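Please keep the sequence and the structure in view while reading.

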Amino acid sequence: MDGTTIVPACGETTGETEFQIWAQFDDAYYGAATLTVAGGIPPIVFPYSVDAWEASATDNLDDTGTTPDATTVFIRNIDMTDLGESFQQCCYLVELRVWDRATRHAFIIVIGCG
């Protein structure tokens, strides 16, 4: 898609399989990001790479996130046919997670029933 066209509801698809991912994030210690697409029949989660700012092949990521600051920029293309036989013309979850390079600890919460 072109970044401005509204994606049709489930069952009303245009037949497009390739989409552009655009984002805006600002972090004084931006390190990297991950991108996943989840959904399909049967359900599947497909990961896509997002360059760390040091390795970015484009000029739209730097050590504080997207650049120029406070702008929405192109991150990468995704192709729904990457989901293989699970790809159906329906609804999907696209998740972009941004990681801070200054955070050095992980927090794990375990909840159990006794």
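Leaving out residues up to four places away in sequence, Ile75 touches Ile21, Trp22, Ala23, Phe25, Val50, Asn60, Leu61 and Thr66, where contact means heavy atoms within 4.5 Å. The model is predicted: local features need pLDDT of at least 70, side-chain atom pairs count only at pLDDT 80 or more, and totals for chains, interfaces and linings use all residues. Residues are numbered from 1 along each chain as its sequence is written, and side-chain values use heavy atoms, with hydrogens and water left out.

Ile75 and Ile78 touch the most other members of the largest nonpolar core, which has 17 residues. Such a core is a set of buried Ala, Val, Leu, Ile, Met, Phe, Trp, Tyr and Cys residues joined through side-chain atoms within 4.5 Å; buried means under 20% relative accessible area, with a 1.4 Å probe and protein chains only. At least two residues of this core come from each of β1 (18-23), β2, β3 and β6 (73-79), strands being DSSP runs of E, at least two residues long, numbered from the N terminus. β2 gives the largest share, four residues.

Asn60, one of the contacts of Ile75, lies in the loop between β3 and β4 (61-62). Asn60 counts as buried because its relative accessibility is 11%.

β2 also belongs to an open, antiparallel sheet of three strands in the order β3-β2-β7; two strands pair if DSSP finds at least two bridges between them. β3 (44-50) and β7 (92-100) are at the edges with a single partner strand each, so one side of each has no neighbour in the sheet. Nine bridges join β2 (residues 30-39) to β7, and Ala33 has Val98 in β7 as its bridge partner.

Methods:
Buried means under 20% relative accessible area, exposed over 50%, partly exposed in between (1.4 Å probe, protein chains only).
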